[in-house]
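This briefing is meant to be read with the sequence and the 3D view side by side. Please look at the model before going through the points.

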Amino acid sequence: MRTDNLVKKLVHYRRELHQYPELSLKEYETTERIKGWLTEAGIAIRDYGLETGVIAEVVGDLEGPTIAIRADIDALPIVEEVNTLFKSKHQGVMHACGHDFHTSSIIGAALLLEENKENLKGTVRFIFQPAEEIAQGAKLVVESGALEGASAIFGMHNKPDLAVGTVGVRSGALMASADRFELDVIGLGGHAGIPHATVDPIVVASQIVTAFQSIISRNTSSFDNTVLSVTQLHAGSAWNVIPEKAFLEGTVRSFQAEARHEIPALMERTAKGIAEAYGASIDFRWYPYIPVVENNPQLETLVTEAAKDWGYEVVEAKQVAGGEDFAFYQSKLPSFFVWMGVDGSRDWHHPEYHLNEDALLVSARYFSTLAEKALDYFSGWK
């Protein structure tokens, strides 16, 4: 396929997806569009029983292993503030994280590989995954059996602060684990003018919020990269009443599994101690959400060479404390996740998020080359 024709296709795919974004687990039209574009190119669709999302394969003419490449397809509940000819037509829904770019560029990689399948030493399985934004899609894909038989999986996220033609590579931890907590502080309500006859949960909750900040600085290693944020504090409904209960909610992010394991117990112990000192009690709840995105160092040379073959610049990827459910694949297969430069206008999840579409061809070429190299590499694994 001529380069100009490929670029035209990828821009069309990206803009159509951008105009018709769909939220997590509701990506029905998106799924049909992806299937249609792949089928039109002669690429086989595999049925793994997913309600949304697409699994497709390019099967090489030469025998070899199977490797997987993943793109995510869902959008966000954000009102778009970018005035383009392809602005979202679904009010209040926007591809503000660039999953339209991920999907269309990975379709491009599939098109390139399909054209060259007579030289392809194995099978490339493409996973167009739903529901990344709510960290449910990767679990559904794993449960469907779509990873079975694969030797490795690769993925990427666009990076607005990297120039087009730049690939960010980092072995080990790249993105943080992301977990949620809730905490009820139960006191004794009463008249605001007679506080000595109450146990004020607002005072107790305030002390707990402050004490939580010292957990990171005084109870975890200074070499750990962790953050604890209280993002909600709700209590009371009247100006002259001390309430019975205060509610806290927040998140903990970490790049180390040991710190992730230790912090919930430290939080509960701290909150319980403060509450008991005031005569209150607590109910602490911890919700594990997403593990650390941890790249396999044995694959770093592979993902680096795929970029250098095209003359792309390779830089050390900066760690980000955001979560990514690609991490769920990494407990199943050797894997690597890279940053793809898109020279964006804003960072992820911003209503003015926009990217440079020149990155579509860069990403498509990169992943088609990476797939070929990965098949060669895993042919030699025993």
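Helix H3, at residues 99-115, has 17 residues and reaches 25 Å from its first C-alpha to its last, which is close to the 24 Å expected at 1.5 Å a residue; the expected span of a helix is 1.5 Å times one less than its number of residues. The model is a predicted one, in which local features need pLDDT of at least 70 and side-chain atom pairs count only at pLDDT 80 or more, while totals for chains, interfaces and linings use all residues. Residues are numbered from 1 along each chain as its sequence is written, and side-chain values use heavy atoms, with hydrogens and water left out.

**Helix H3 and the terms used**
- Helices (H or I, at least four residues) and strands (E, at least two) are DSSP runs, numbered from the N terminus.
- H3 is mostly covered, with 15 of its 17 residues buried, where buried means under 20% relative accessible area, exposed over 50% and partly exposed in between (1.4 Å probe, protein chains only).

**The annotated domain**
- UniProt, in an unreviewed entry, places the feature "domain: Peptidase M20 dimerisation" at residues 180-274; its positions are given in the numbering used here, feature names are shortened, and annotations may be inferred rather than shown by experiment.
- The end C-alpha atoms of residues 180-274 lie 21 Å apart, and the span is 39% helix and 33% strand.

- The buried residues of H5 are Pro201, Val204, Ala205, Ile208, Ala211, Phe212, Ile215 and Ile216.
- An α-helix has 3.6 residues a turn, so residues three or four places apart point the same way.
- The buried residues of H5 pack against several elements, among them strand E8 (177-186), strand E10 (226-235), strand E12 (245-254) and helix H6 (257-278).
- H5 and H6 pack at an angle of about 145° with their axes 9 Å apart, the axes being lines fitted to C-alpha atoms, for helices over the stretch in contact, and the angles running from 0 to 180 degrees between N-to-C directions.
- The residues that make this contact (heavy atoms within 4.5 Å) include Val204, Ile208, Phe212 and Ile215 of H5 and Ile263, Leu266, Met267 and Ile274 of H6.

**Glu249 in strand E12**
- Glu249 lies in strand E12 and counts as buried because its relative accessibility is 12%.
- The side chain of Glu249 makes a polar contact with the side chain of Arg180 at 2.7 Å; a polar contact is a pair of N or O atoms within 3.5 Å, and within protein one must be able to donate a hydrogen and the other to accept it, with residues adjacent in sequence counting only if both atoms are side-chain atoms.
- Leaving aside neighbours within four places in sequence, Glu249 is in contact with residues including Arg180, Phe181, Ser229 and Thr231.

**Two alanines in a loop**
- Ala131 is found in the loop between strand E4 (121-129) and helix H4 (137-144), and Ala135 lies in the loop between E4 and H4.
- Phi of Ala131 is near 55°, a positive value in a residue other than glycine, and Ala135 has a positive phi of about 55° although it is not a glycine.
- Ala131 is buried, with a relative accessible area of 0%, and Ala135 counts as buried at 1% relative accessibility.
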